[in-house]
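Trainee: I have a model open on my screen and would like to learn how to read it. Could you walk me through some features?

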Amino acid sequence: MTDRTPRRGLLARLVPKSWALSGLMAGLIAFSVPARAAEPVFPPAGSLGLAPPPGMIPSSSFAGFEHRTGASIILVEMPPEAWNQINGKFTPEALAPSGFRVNGGPEPLTVAGGKGFVLRGRQSANGLTYAKWVAVVRGDAGTGLVTVQVPEKAARQVPAPAVEAALRTIAFRPKASLTEQVAALPYTVGDMAGFRPMGVFAGNGLILTEGPKDVDPEREQPLVVVTPSLGQVPVPEGAELAYARRLFTTQKDLRDVAITDEERSSRGEAVVVRLRGTGTDTRNGRALGMTQTTVFDRGRYLRVIGVADAGRADALARAERVAASVAMR
């Protein structure tokens with residue numbers, strides 16, 4: 001489930017397999033409004049927040065903030081145990097394959113109710129060069145990953161000192177219930193089709209499953225993942241099918257992925273691509289069946305993936321019912 005923008009590349013490489021996707025980044029929902037400008041702003045039902053630089057507003061498509069120039073701050077919440085799993089792995093050498101060129105090494109970062117570190121550097125993607133900050137922090141509510149990206153052309157509108165000041169306001173608050181997190185998503189799921197919510201990730205992704213386990217690293221239970229893109233995605237008109245194929249065939253922890261059926265249709269002004277196929281779990285060799293529905297609409301996409309044992313055609317059909325019922329708020 002990768003996206004070759006700088007935002008998701010880092011997360012795909014460094015998020016621990018033990019918890020990411022259970023083993024598999026303003027609007028109609030308003031953010032909490034701070035009483036003073038210097039107080040942290042939290043996403044709906046989120047426990048990780050900060051006071052954004054002037055001109056940055058809450059995003060309606062991911063947990064974080066956006067600027068009209070393309071600058072962004074992405075907030076990713078992780079369990080407390082993630083700190084021990086990733087602490088020490090954020091080094092210039094480890095980040096180099098993602099294209100993030102780090103200046104120096106990690107520096108300590110003090111946050112309200114916790115501690116952490118920050119790395120600074122640059123990254124190029126989609127023909128642009130970004131100034132980039134990655135902060136990893138921990139507090140009573142868990143572990144947080146804060147990624148700031150500012151295009152070079154936006155350096156005056158979102159200056160580095162303002163970013164540094166924002167990072168010093170990172171704070172945690174008590175974690176919301178799963179029900180509250182699902183209710184705060186930027187979309188609704190009209191038909192759960194027999195699945196139940198198992199977790200929310202990156203403030204906009206939803207994991208559904210069928211079965212008693214809330215942690216299923218072996219993928220013994222059918223799984224459905226709903227995940228919108230993080231911000232604008234440069235997919236030219238007519239290239240939707242090729243882009244969806246690439247997403248489908250490069251999913252984490254899967255090999256020998258083959259597409260067996262594909263369909264391109266429309267939903268209003270949106271382009272809908274549905275793919276079906278098979279793959280093998282790299283960790284246990286289990287043969288899997290897969291389905292993916294990707295809705296491309298106004299420079300963004302929303303993706304629904306279903307994964308189940310190869311013999312569970314019923315579960316995959318129900319995953320497609322879920323996909324058909326998802327609607328942006």
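Trainee: Let me begin with strand S4, residues 72–78: how many of its residues are buried?

Mentor: Keep in mind that this is a predicted model. Six of the seven residues in S4 are buried, so the strand is mostly covered, taking buried as under 20% relative accessible area.

Trainee: Which strands pair with S4, and in what sense?

Mentor: Look on both pairings in turn. Strand S3 (residues 64–66) pairs with S4 in the antiparallel sense over three bridges, and there phenylalanine 65 has isoleucine 73 as its bridge partner. S4 also pairs in the antiparallel sense with strand S9 (residues 142–151), over seven bridges. In that pairing, serine 72 is partnered by glutamine 149.

Trainee: And what lies between S3 and S4 in their hairpin?

Mentor: Five residues lie between the two strands, and glycine 70 takes a positive phi near 105°.

Trainee: Now the charged residues. What is the general idea?

Mentor: Side chains of opposite charge can pair when their charged atoms come close. With a cut-off of 4 Å between nitrogen and carboxyl oxygen, the count here is 23 salt bridges. One of them joins arginine 122 and glutamate 152, at 3.3 Å from N to O. Arginine 122 sits in strand S7 (residues 114–125) and glutamate 152 in the loop between S9 and helix H4 (160–167), so this pair ties together parts 30 residues apart in sequence.

Trainee: How accessible are arginine 122 and glutamate 152?

Mentor: Arginine 122 has a relative accessible area of 32%, which makes it partly exposed. Glutamate 152 is partly exposed too, at 45%.

Trainee: Which residues are linked in a network of salt bridges?

Mentor: The network links Asp261, Glu263, Arg274, Arg276 and Glu320. Within it, the side chains of arginine 274 and aspartate 261 meet at 3.7 Å, N to O.

Trainee: Last, how do I read a helix?

Mentor: An α-helix has 3.6 residues a turn, so residues three or four places apart point the same way.

Trainee: Which residues in H7 are buried?

Mentor: Ala315, Leu316, Arg318, Ala319, Glu320, Val322, Ala323 and Ser325. Aspartate 314, by contrast, is partly exposed at 40%, and its side chain forms a salt bridge with that of arginine 312 at 3.0 Å, N to O.

Conventions: Residues numbered from 1 in each chain as written. Predicted model: local features only at pLDDT ≥ 70, side-chain atom pairs only at ≥ 80, totals over all residues. Heavy atoms only, no water. Buried < 20%, exposed > 50% of the residue type's maximum accessible area, 1.4 Å probe, protein only. Helix = DSSP H or I, 4+ residues; strand = E, 2+ residues; numbered from the N terminus. Pairing = 2+ DSSP bridges.
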